[in-house]
Amino acid sequence: MSANLGGYISATFNPLTSGVTATVEYLVVAGGGSGGAGNGGGGGGGAGGLLSATGYAVTVGSAITITIGAGGAGTGSSPYRNAGVNSSIAGVTTITATGGGYGSYSGAGSGGSGGGGNYASTAGGTGTAGQGNDGGVGAGAPAYGGGGGGGAGSVGGAGTTALGGNGGAGICSTITGARVFYACGGGGGVNSSSYPFGIGGNIIAGNGGGIGVGGNATANTGSGGGGGGNGDASGGSGGSGIVIIRYPANCAPPTSTTGNPQINYADGYQIYTWTSNGTVTF
């Protein structure tokens, strides 16, 4: 048997198969919202909702359906921002993570985490309890700083008259055997490159724009896009979601999967990761 040296061993690795697992552990992350296009400085996109727990019941012979939410697309034309899409697992019960709220162009969206506000509609969007946090407020002249989008780990930073707000922190999960951040908020934009734009949370979320477009979030992290700069510059796109399950590796593998999940072994667990829709049956 190969040693686990802290990384992944790619395999359907079951050293002591001993019957079907009764429950699995899961991480479900929805798609992040886009940043708002620059109306002054656009608000940063809110992270997709994040849900993680042990004890999700498995019914032998019945498929669990995996749905992966898309990130909200950044755009510099109407509607100038887009929310993220829900992710879920559906078996005996359904677990749904709510898509991230969009950053403000003319009002911030609520969602798993809320999008950041801008000068024209300063309030940030509201996050969903247990999944994420609120977006930061926006501010006026001279920088017209957009608020940062909320993240699963903290609220979005406030924009000010001198800079854009930073995106809220995500949450670090070790479900894959490595430390990985998910669901970070996007940074707020500003109306000129003379002022500092907001920084996306934990690097994987989009930064805000100055005169230019907001930065895109990393795919399959559920993070928010950065707010756009002045002149209707596009906000950045939110990152798509992800679903991960794991169970003790001495239990039998699934009888079938669809959606081409990545299969890994780490720390005594068999781990299945979906970045597109699929199913798993034990």
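Author: The account below starts with the sheet, then turns to single residues and ends with the aromatic rings.

This is a predicted model, in which local features need pLDDT of at least 70, side-chain atom pairs count only at pLDDT 80 or more, and totals for chains, interfaces and linings use all residues. Residues are numbered from 1 along each chain as its sequence is written, and side-chain values use heavy atoms, with hydrogens and water left out. The pLDDT is the predictor's confidence in each residue, from 0 to 100. The chain has a mean pLDDT of 92, with 94% of its residues at 70 or more. Over residues 1–11 the pLDDT stays under 50.

Now the sheet. Helices (H or I, at least four residues) and strands (E, at least two) are DSSP runs, numbered from the N terminus. Two strands pair if DSSP finds at least two bridges between them. The sheet is open and has 5 strands in the order β6-β5-β4-β13-β10, with antiparallel pairing. At its edges stand β6 (94–97) and β10 (256–258); each has a single partner strand, so one side of each is left without a neighbour in the sheet. Direction ignored, neighbouring strands of this sheet are turned by 10° against each other on average. Axes here are lines fitted to C-alpha atoms, for helices over the stretch in contact, and angles run from 0 to 180 degrees between N-to-C directions. Strands of a sheet pair through backbone hydrogen bonds, either parallel or antiparallel.

Ser87 has Ala97 in β6 as its bridge partner, and Ala90 is bridged to Thr94 in β6. The two strands, β5 and β6, form a hairpin with 3 residues between them. On to the next pairing: β4 and β5 run antiparallel and are joined by 3 bridges. Here the bridge partner of Ile66 is Ile89 in β5.

Ala63 belongs to strand β4. With a relative accessible area of 41%, Ala63 is partly exposed. Buried means under 20% relative accessible area, exposed over 50%, and partly exposed in between (1.4 Å probe, protein chains only). Not counting residues up to four places away in sequence, Ala63 touches Ala90, Gly91, Thr279, Val280 and Thr281, where contact means heavy atoms within 4.5 Å. From Ala63 to Gly187 the distance is 39 Å, C-alpha to C-alpha, and the two are 124 residues apart in sequence.

Two loop residues come next. Gly76 lies in the loop between β4 (63–67) and β5, and its relative accessibility of 34% makes Gly76 partly exposed. Neighbours within four places in sequence aside, Gly76 is in contact with Ala37, Asp232 and Ser234. Gly36 is 40 residues from Gly76 in sequence, yet 8.5 Å away in space, C-alpha to C-alpha. The other residue, Ser113, is found in the loop between β6 and β7 (171–173). Ser113 has 0% relative accessibility and so counts as buried. Its contacts, leaving aside neighbours within four places in sequence, include Gly46, Ala47, Thr126, Asn133 and Ala152.

Last, the rings. Rings of Phe, Tyr and Trp (its six-membered ring) pair if their centres lie within 6.5 Å; planes under 30 degrees apart count as stacked, over 60 as edge-to-face and the rest as tilted. A search of the whole structure finds 6 aromatic pairs. One of them is the edge-to-face pair of Tyr26 and Tyr56, at 5.9 Å centre to centre and 85° between the planes. This pair links distant parts of the chain, 30 residues apart: Tyr26 is in strand β2 (residues 23–29) and Tyr56 in strand β3 (residues 50–57). Both Tyr26 and Tyr56 are buried. In another pair, the ring centres of Tyr272 and Trp274 are 6.2 Å apart and their planes stand at 25°, so this pair is stacked. Tyr272 and Trp274 are buried as well. Ring pairs also join Tyr247, Tyr272, Trp274 and Phe282 into a cluster.

Charges meet rings too. A charge sits over a ring if NZ of Lys or CZ of Arg is within 6 Å of the ring centre and within 35 degrees of the ring normal. Arg81 has its charged end over the ring of Tyr102, 3.9 Å from the ring centre. Likewise, the charged end of Arg246 sits over the ring of Tyr269, 3.7 Å from its centre.
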